2 protein chains.
Amino acid sequence: MTVIDQMKLFFEPRSVAIIGVSRKSGPGSFNILESLQAYGYSGKVFPINPQAREILGFRCHSAVENIREGIDLAVISLDRDQILSSVEDCLKAGIKAIIIISQGLADIGKEGKILQDVIRDRARAKGARIVGPNTMGVVNNFHDFTTSFIPLAKSPSPLSTICQSGIFFVGSYSLTGPFGKAIDLGNTCDVDFADVLQYYSADEKIKVIVLHIEGIEDGRKFFETARQVTPRKPILALKTGRTEVGAQKAASHSGSMAGKDFLYSSACKQSGMIRARDVEELNDLIRGFLHLPLPKGDRIGVLTYTGGGGIIAVDRMMDQNLPLPQLSPETMSKLSSLIPPWLPLGNPVDVWPSVMKYGARPMYRTYLRALLEDENVDAALCIFLTPRIPGQEFFDVSEEIIEVSIQFPTKPIVVWAYGPNLREMGEKLESSGRVVFLPSAERAVQLLSALMERRKFLERNGRIAE
Amino acid sequence: MTVIDQMKLFFEPRSVAIIGVSRKSGPGSFNILESLQAYGYSGKVFPINPQAREILGFRCHSAVENIREGIDLAVISLDRDQILSSVEDCLKAGIKAIIIISQGLADIGKEGKILQDVIRDRARAKGARIVGPNTMGVVNNFHDFTTSFIPLAKSPSPLSTICQSGIFFVGSYSLTGPFGKAIDLGNTCDVDFADVLQYYSADEKIKVIVLHIEGIEDGRKFFETARQVTPRKPILALKTGRTEVGAQKAASHSGSMAGKDFLYSSACKQSGMIRARDVEELNDLIRGFLHLPLPKGDRIGVLTYTGGGGIIAVDRMMDQNLPLPQLSPETMSKLSSLIPPWLPLGNPVDVWPSVMKYGARPMYRTYLRALLEDENVDAALCIFLTPRIPGQEFFDVSEEIIEVSIQFPTKPIVVWAYGPNLREMGEKLESSGRVVFLPSAERAVQLLSALMERRKFLERNGRIAE
């Protein structure tokens, strides 16, 4: 059985045994069977509970050995002292994929780690794989399948994640956005990042891969695998447990060895992964890689309602060692008729004097088009005021930005706006699927810079932009 | 006339002449008179327009010399080639405070700078002060007064700002939040940061001062003044034009000399100012200094729904050289009865196992109280899941957090949450005026760290916390 086939048992099981299903259901009961039912899973489900005949309409079995059908996947949610014997039962029943939800193994220290190793070794001896322990398991929105004990909203997306904490399941609403597939590796006693990366890499539906890493045991295997995946799909990585004390806490959370941070940094870079510094940057990167084209070069044209905002953008461009491109003579002459002759014209382009004279919407459209037509410009950063102030709706240039983004599909546009209704404006712009909205000029530049790095990486690897 | 009396002419004028008022009004007309009217200003207003007899119900004069009453403040909004003679008219009429809205002086280069210097010298010779040019002027929400040519919503607050770009007027909705007073210094040819700082410092209604600095000519005067203000009120500073190219752009925006960034950094620190790295951090700091008590020490207790989130917080605490306090034996024994004996207990405190067993709201309250009762803990970082997922409303612990914040008024509480409705949750928590909500653990720790630095600064200066 290949690793990919093994992973399919976890993500696309035809039948699943859930061991340790409670009779409680409803809010706060954290019942995996209930989540799975709500998800509309169409495979066979075998709840195991020796005290119950039926739960939520499913017939219960007292033990896996009593199920006289093939089981692709077992999900164990029992007290820690029952785990070993339950795994033994699963192995005897010929089950090759086991998720251990329960806490209390390597996550509580040495004693738990010893038991965890025993469990893993038994499974391996039988050719079975284990996810966890201390995990929320798996979500596959393309297969209506989940082992999450917290109900999730289904919203398939070409983003898929591999994490070591359930926060990336229940927090996906704000941390990553909707995902197609997700796995919480928990203590990562057996199935690891590299295994799932291979599976995600082969899945055509997955375009962007996100990793939340607390620690990795087999760094060589991981980085080798990542190196094979990154020329085809971007891998965005958030490493936590970066500091020594953070790493100690990671050891007691997922039992992970967090490793030296600078080694991760350099290995990430060498293997072509993109590392996010925090959850906010991770979210920015995800939206950028999902929705924006990779710029052909690193020259950003800045279009702004305010000189003060343009300066903030330029500072970050310099921090990132990006150039500040000059506009071409053609662009200059196009725009110079729109401003008084004594006003300086350059990049950042201050559209304000023209807005005051000729109106916001036509001017923003004209300027942005001129900027993106310029062969010296590879990407645009748009700065403007969001309206919702009575009498100032005319400042809303979001439709013009979307319109121009369609005319220039190879040049990414990011937006930083200020004003009273940032969220509505962000949703409006991003619903176009062509523009990414960021809450600061710094983050907008940071994102463009990451897209540029990706383009260079693909070029170095002999691949044209995706 | 003291500097404070001079500044009062700009912020609290009893009468104002507006020179260069257009007959156009409504959206997109950028009419200062209209903004002022909408603001409900109760002083005398004299619009100057030789072509009009009346605008918006105000009788027009053809020139300032024809106004036979005392004028506290003149606001000039004319083409650049008319500015000098208009200023001369104002000086002849005995006006001691002039705001020059118009662009086209030092902001366009050397020629404009020469003219600007001439204007400033003429004013100084007559004992008059100038704000600008290239400015939106002044807003004083305590005096119903504004010279902004973009209408603003009135919402007085103990925050007041001094900036060099109108973005901090119209962008205040998202960048700083509501302010009580604000001034855009524009090219800063005469009235400068130090002048306004003295005025703000003496104003009992102002609790927090925000600076947006593109460049400062007289650094010694500025930092000396700041040093006198900071022991009484926090000054939060955003410096832009940090990089060489950014500084060049600042020179052509507000005609400012941006100066070497590392010198600013060290002078900011010495004078007790708090420097924000970007607009997002500025906004965090503002809310923190407006709403939170200063912690007595630097020991943060972290309460989290998720071990993974706690690790992220610990990383940033280590980055900031903050300790990770141990919980006292009393706290440990209070909490240990709520979890299985084999589960590790420490800081960060993982409330999750208790949430699963006893429910989110009672457990979060119990744990947070225990944490803040602990004499080893000076501040709390709360991490939780925001609900709005059907059946998961029970995760909402915002009311418990607010309740506990009232019981521990001397220990600041910051919140990082993840989930679908961050904005509503943030508004709910912050409407209490006692808790600050941040979009990442990193920013939450960063804010607490700034409050701790402020406390230390006040202690060094022989002042107890405000």
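The structure is a prediction, for which local features need pLDDT of at least 70 and side-chain atom pairs count only at pLDDT 80 or more, while totals for chains, interfaces and linings use all residues. Residues are numbered from 1 along each chain as its sequence is written, and chains are lettered from A and ligands numbered from 1 in the order in which they are written.

Five strands form an open sheet in the order E16-E15-E17-E18-E19 (chain A), with parallel pairing; strands here are DSSP runs of E with at least two residues, helices are runs of H or I with at least four, and both are numbered from the N terminus. Two strands count as paired if DSSP finds at least two bridges between them. The edges are taken by strand E16 (349-350) and strand E19 (435-438) of chain A, each of which pairs on one side only. Further in, strand E15 (residues 300-304) and strand E17 (residues 379-385) of chain A pair in the parallel sense over 5 bridges, and A:Val302 stands opposite A:Leu381 in E17(A).

Two helices accompany these strands. H18(A) packs on the sheet and touches E15, E17, strand E18 (413-418) and E19 of chain A, its direction making about 165 degrees with that of E17(A). Helix H15 (residues 360-373) of chain A lies across E15, E16 and E17 of chain A and runs at about 160 degrees to E17(A). Such angles run from 0 to 180 degrees between N-to-C directions, with axes fitted as lines to C-alpha atoms, for helices over the stretch in contact.

H18(A) (residues 441-460) also meets helix H11 (residues 279-291) of chain A: their axes come within 10 Å and cross at roughly 55 degrees. The two helices are therefore oblique to each other, given that angles under 35 degrees count as roughly parallel, over 145 as roughly antiparallel, 65 to 115 as roughly perpendicular and the rest as oblique. H11(A) passes H18(A) in a right-handed crossing, that is, with the near helix turned clockwise from the far one by less than a right angle, anticlockwise being left-handed. On the H11(A) side, A:Glu281, A:Asp284, A:Leu285 and A:Gly288 meet A:Arg443, A:Gln446, A:Leu447, A:Ala450 and A:Leu451 in H18(A); residues are in contact if their C-beta atoms, placed from the backbone, lie within 7 Å. By class, this contact has 4 nonpolar, 2 polar and 3 charged residues (Ala, Val, Leu, Ile, Met, Phe, Trp, Tyr, Cys and Pro being nonpolar, Asp, Glu, Lys and Arg charged, and the others, Gly among them, polar).

Turning to the pair of chains, a rotation of 180 degrees with 0.0 Å of shift along its axis superposes chain B on chain A, with an RMSD of 0.0 Å. That is the relation of a two-fold axis, the superposition being by least squares on C-alpha atoms of residues with pLDDT of at least 70 in both copies. Within chain B, B:Arg423 comes closest to the rotation axis, at 4.4 Å (C-alpha).

At the interface, 61 residues of chain B are in contact with 62 residues of chain A. Helix H12 (307-319) of chain B is among the elements giving two or more residues to this side, and H12(B) provides its largest share, 10 residues. The side of chain B that touches chain A has 29 nonpolar, 23 polar and 9 charged residues. The copies meet through the same surface, because 100% of the interface residues of chain B are also interface residues in chain A.
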